[in-house]
Amino acid sequence: MSSEQINWSRMSLEELQTTWNTEVEPNLQREGIDLDDRPTYQEVADAGYGGIAYALREHHDLTLTEFLATIGYVDPDDDTYQWGIDDETTVDALEAFLRRVKRKRAETTADSKRYRLATYVRLYETVHGTAAIADRVMDEENEYDELRRVETVLYELDDELESPESKLRYLSDIRQWYEHLETRHGAPFNPAKNVDHDDIWRGELDDEKDNPALSSDQVGKLYNAVESPDEELLVLALCAWGLRRSEVASLHVSQLVLESDDPHIAFDERKNGPGTVALIYGVPELADRVDALGSDDRDWNGYLFPSRKSSSGHITGETVQARFKRLAERAEVRVRGDWPTSKMGRRFWYTTYNQAMNDLLNNLDAIAGDQGSSDASVVLKNYLSEAERRKYRREFMRDRLEEAFAD
């Protein structure tokens with residue numbers, strides 16, 4: 001049976017496995033492909049069998065890599081890792097790059113690079129609606145557009161990463177992977193080679209200058225200048241909850257736990273893994289916004305910042321940044337002479353939290369003295385339960401936030 005006659009979509013998984021063994025493998029061998037290693041998507045497609053990948057994805061919820069693992073093509077180092085993107089060619093190129101890294105360097109080095117590259121390609125897919133990165137760099141006419149796409153993803157990464165050193169490591173790994181696409185896959189250009197990271201990250205890769213935050217007064221001015229429920233929620237999410245702009249953009253109602261003694265936002269994946277963000281301030285406003293979105297639009301997709309134009313169903317981090325800047329201009333709020341970025345709202349949260357902790361420790365000084373200790377943190381750690389510590393931390397943080405948002 002020729003590849004044109006195979007109706008992949010009508011086959012069960014067992015039939016696909018049989019067809020692979022009886023039809024596809026012999027033809028791949030005749031094409032000179034060494035089947036001691038798992039064949040790549042490109043090799044399968046070049047042989048005329050690319051339709052199997054679509055059928056697996058649409059009808060069996062499997063990637064080609066996962067399917068091949070069911071018939072014996074298992075590499076325990078690579079195939080157990082889920083890249084989290086829907087593009088076989090890019091996944092193959094990533095894994096080929098990491099195999100080369102493993103031959104030259106320690107396993108831990110490859111694991112670190114894999115984590116950073118996975119973060120990059122997933123974010124690329126979120127921002128641009130596709131992870132066809134490897135295909136895009138194969139056409140030199142895409143060079144200018146791809147440079148801008150890479151820069152856009154780096155802008156989003158800026159919101160995820162805290163230290164200049166971390167940013168530099170990400171940029172280095174991204175550039176190395178694109179170099180691999182040039183040297184090993186024939187890509188005519190490297191879109192990460194010439195991105196102006198100084199412009200994107202404002203020189204933070206080159207020096208350790210302090211990172212400015214919004215002041216309490218400035219947050220109050222921003223909050224008083226809001227003109228819509230969306231803008232109100234934007235300021236709360238950045239400044240009262242300390243979210244990254246990408247987290248604000250993709251915030252979904254399914255993440256919210258509001259009707260409990262511990263209202264919070266749950267994240268399945270975050271920079272440091274799964275976690276929650278306590279909602280210390282702004283819960284009534286958040287609940288009102290959810291109710292309004294649900295009642296105004298029967299087709300509401302659950303995102304708190306929905307977008308009908310975006311394939312993701314929600315706005316991007318860039319849109320969060322643009323809206324925050326417009327609000328700052330209206331409120332006439334500047335930081336060191338420049339309009340503030342959304343990240344300065346997150347920094348306000350951290351600064352305020354540290355101030356709240358100092359307030360708490362200052363109030364424990366008297367107890368510490370009675371216990372014969374000069375360090376109030378000893379009381380906090382040894383004489384209060386975890387529930388009590390959490391209760392007092394939130395009370396002092398709430399007082400600080402109320403002071404800011406009431407300005």
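Me: Tyrosine 223 and phenylalanine 405: buried or exposed?
Reply: This is a predicted model: local features need pLDDT of at least 70, side-chain atom pairs count only at pLDDT 80 or more, and totals for chains, interfaces and linings use all residues. Residues are numbered from 1 along each chain as its sequence is written, and side-chain values use heavy atoms, leaving out hydrogens and water. Buried means under 20% relative accessible area, exposed over 50%, partly exposed in between (1.4 Å probe, protein chains only). Tyrosine 223 and phenylalanine 405 are both buried.

Me: How many aromatic pairs does the structure hold?
Reply: Rings of Phe, Tyr and Trp (its six-membered ring) pair if their centres lie within 6.5 Å; planes under 30 degrees apart count as stacked, over 60 as edge-to-face and the rest as tilted. The number of aromatic pairs in the structure is nine.

Me: What is the angle between the planes of tyrosine 223 and phenylalanine 405?
Reply: Their centres lie 4.8 Å apart. The pair is edge-to-face, with the planes at 85 degrees.

Me: How many residues separate these two in the chain?
Reply: Helices (H or I, at least four residues) are DSSP runs, numbered from the N terminus, as are strands (E, at least two). Tyrosine 223 is in helix H11 (residues 216–224), phenylalanine 405 in helix H18 (residues 386–405). The pair links distant parts of the chain, and the separation in residues is 182.

Me: What is the distance between the ring centres of tryptophan 349 and tyrosine 350?
Reply: This pair is edge-to-face too, with 85 degrees between the planes. Centre to centre, the distance is 5.2 Å.

Me: Why does tryptophan 349 count as buried?
Reply: Tyrosine 350, at 40% relative accessible area, is partly exposed. Tryptophan 349 is buried because its relative accessible area is 18%.

Me: How far apart in space are serine 215 and tryptophan 349?
Reply: Serine 215 is in the loop between helix H10 (197–200) and H11. In sequence, 134 residues separate serine 215 from tryptophan 349. C-alpha to C-alpha, the distance is 9.8 Å.

Me: Why is H1 called roughly antiparallel to H3?
Reply: Axes are lines fitted to C-alpha atoms, for helices over the stretch in contact (heavy atoms within 4.5 Å), and angles run from 0 to 180 degrees between N-to-C directions. The axes of H1 (residues 13–30) and H3 (residues 51–60) come within 12 Å and cross at roughly 165 degrees. Angles under 35 degrees count as roughly parallel, over 145 as roughly antiparallel, 65 to 115 as roughly perpendicular and the rest as oblique. The crossing angle therefore makes H1 and H3 roughly antiparallel.

Me: Which residues of H3 do Leu13, Leu16 and Trp20 meet?
Reply: Leu13, Leu16 and Trp20 are in H1. Their partners in H3 are Ile52, Leu56 and His60.
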